[in-house]
Amino acid sequence: MARKVVSRKAKAAEAEAAEKLATAKKKASKKKASTRKSKKKLAEDVRLKLYWGVFSQNLKRVAVFEFDQKDDAEKRAVELSKGGKSPHFIQKVKEEIKFE
């Protein structure tokens, strides 16, 4: 049996046509994807202020002092711990500043 003769020009034309179809499909899919973009939500500026908090052993906040008043906060914690009561400690507390 004899083989069928294949024309190289015909094969090259088929390959180019297939390549053009593939690139056309890619371009069409890229256009669709670009139209669906959504806007990102902008985060609001949140400002925090640092305080010293005096806490009980149960993590209940007993008192709050300005950040520069650490000595006063320590004295208050020692004062509350005296007399066999549960120990108190100080810890940094961050709170939001609300703008009006």
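Reader: Which residues of α2 are buried?

Author: Ala73, Ala77 and Leu80 are buried in α2. Buried is under 20% relative accessible area, exposed is over 50%, and partly exposed is in between, with a 1.4 Å probe and protein chains only. Helices (H or I, at least four residues) and strands (E, at least two) are DSSP runs, numbered from the N terminus.

Reader: How do the buried residues fall, seen down the axis of α2?

Author: They fall within an arc of 70°, so they line one face of the helix. The arc is taken from the directions that run from the helix axis to the C-beta atoms. In general, an α-helix has 3.6 residues a turn, so residues three or four places apart point the same way.

Reader: Before I go on, what kind of model is this?

Author: A predicted model: local features need pLDDT of at least 70, side-chain atom pairs count only at pLDDT 80 or more, and totals for chains, interfaces and linings use all residues. Residues are numbered from 1 along each chain as its sequence is written, and side-chain values use heavy atoms, with hydrogens and water left out.

Reader: Fine. Which residues are exposed on the other side of α2?

Author: Asp71, Lys75 and Glu79.

Reader: And what do the buried residues of α2 pack against?

Author: Against β1, β2 and β3 (89-96). Contact here means heavy atoms within 4.5 Å.

Reader: What span should α2 have?

Author: The twelve residues of α2 (residues 70-81) should span 16 Å at 1.5 Å a residue, and the end C-alpha atoms are 17 Å apart, which agrees. The expected span is 1.5 Å times one less than the number of residues.

Reader: What follows α2?

Author: Gly83, with a positive phi near 80°.

Reader: Now the core. Which residues are in the largest nonpolar one?

Author: Seven residues: Trp52, Val54, Ala63, Phe65, Ala73, Ala77 and Leu80. At least two residues of this core come from each of β1, β2 and α2, and α2 has the largest share, three residues. A nonpolar core is a set of buried Ala, Val, Leu, Ile, Met, Phe, Trp, Tyr and Cys residues joined through side-chain atoms within 4.5 Å.

Reader: What is Phe65 in contact with?

Author: Leaving aside neighbours within four places in sequence, Phe65 is in contact with Tyr51, Trp52, Val54, Asp72, Ala73 and Arg76.

Reader: Switching to charges. How many salt bridges?

Author: Three, where a salt bridge is a side-chain nitrogen of Lys or Arg within 4 Å of a carboxyl oxygen of Asp or Glu. One of them joins Glu66 and Lys49 at 3.4 Å, N to O. That pair links distant parts of the chain, Glu66 in β2 and Lys49 in β1, 17 residues apart.

Reader: What about Glu95?

Author: Glu95 meets Arg61 in a salt bridge (2.8 Å, N to O). This pair also links distant parts of the chain: Glu95 is in β3 and Arg61 in β2, 34 residues apart. Glu95 is partly exposed at 28% relative accessible area, and Arg61 is partly exposed at 42%.

Reader: Where do Arg76 and Glu79 lie?

Author: Both are in α2, three residues apart, about one turn of the helix. Arg76 is partly exposed, at 30%.

Reader: Last one, Leu59. What is the phi there?

Author: Near 65°, a positive value in a residue other than glycine. Leu59 sits in the loop between β1 (48-55) and β2 (61-66).

Reader: Is Leu59 buried or exposed?

Author: Exposed, with a relative accessible area of 59%.
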